[in-house]
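Good morning, and thank you for the time.

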Amino acid sequence: MMPSRFVPAGLRQNSACISRILAAVLGGYLLTNTASVLVAFLLPIPRAHAVATMLLMSFVTLSVVVIWVYATPSLKRVWTVIGLGLLVSVAGSAAFHLLGAV
């Protein structure tokens, strides 16, 4: 990406940092919760056990997502993966809900 002469370098760095924080906190939270709901639907165990299992696994999932957000060099890739993950998780959970799997 070419530096813009109209945006100071410090402001570009600050916005990239803020974007990573938002991706890690908000995107990670939403992705973890929606993926946990989807996987709880997919687990072949009683519903209460699936929910408890995914509640415990959500802590690991969120930690991995936060680490990955800061380890990935491309912000575009971060937001693309989080967005696609949210789309798949929400669509899958909605499909299970509409099919009466709840």
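Let me begin at the surface, where Ile18, Ile21, Leu22, Val25, Leu26, Tyr70 and Trp79 form a nonpolar patch with about 670 Å² of accessible area together. Patch members have over 30% relative accessible area and no salt bridge, with nonpolar side chains (Val, Leu, Ile, Met, Phe, Trp, Tyr) joined within 5 Å and like charges within 9 Å. A salt bridge here is a side-chain nitrogen of Lys or Arg within 4 Å of a carboxyl oxygen of Asp or Glu. Areas come from the Shrake-Rupley method with a 1.4 Å probe, and for residues only the protein chains shown count as cover.

Before going further, please note that this is a predicted model, in which local features need pLDDT of at least 70 and side-chain atom pairs count only at pLDDT 80 or more, while totals for chains, interfaces and linings use all residues. Residues are numbered from 1 along each chain as its sequence is written, and side-chain values use heavy atoms, leaving out hydrogens and water.

Helix α1, residues 9-42, supplies the largest share of the patch, five residues, and Ile18 is found in this helix. Helices are DSSP runs (H or I, at least four residues), numbered from the N terminus.

Leaving aside neighbours within four places in sequence, Val65 is in contact (heavy atoms within 4.5 Å) with Gly28, Leu31 and Thr32.

Gly27, in helix α1, counts as buried at 5% relative accessibility. Not counting residues up to four places away in sequence, Gly27 touches Leu22 and Ile82. The C-alpha atoms of Gly27 and Ile82 are separated by 6.3 Å, although these residues are 55 apart along the chain.

Finally, the structure holds one aromatic pair. The rings of Phe41 and Phe96 have centres 5.3 Å apart and planes at 15°, so the pair is stacked. Rings of Phe, Tyr and Trp (its six-membered ring) pair if their centres lie within 6.5 Å; planes under 30 degrees apart count as stacked, over 60 as edge-to-face and the rest as tilted.

Definitions and conventions: Helices (H or I, at least four residues) and strands (E, at least two) are DSSP runs, numbered from the N terminus. Buried means under 20% relative accessible area, exposed over 50%, partly exposed in between (1.4 Å probe, protein chains only).
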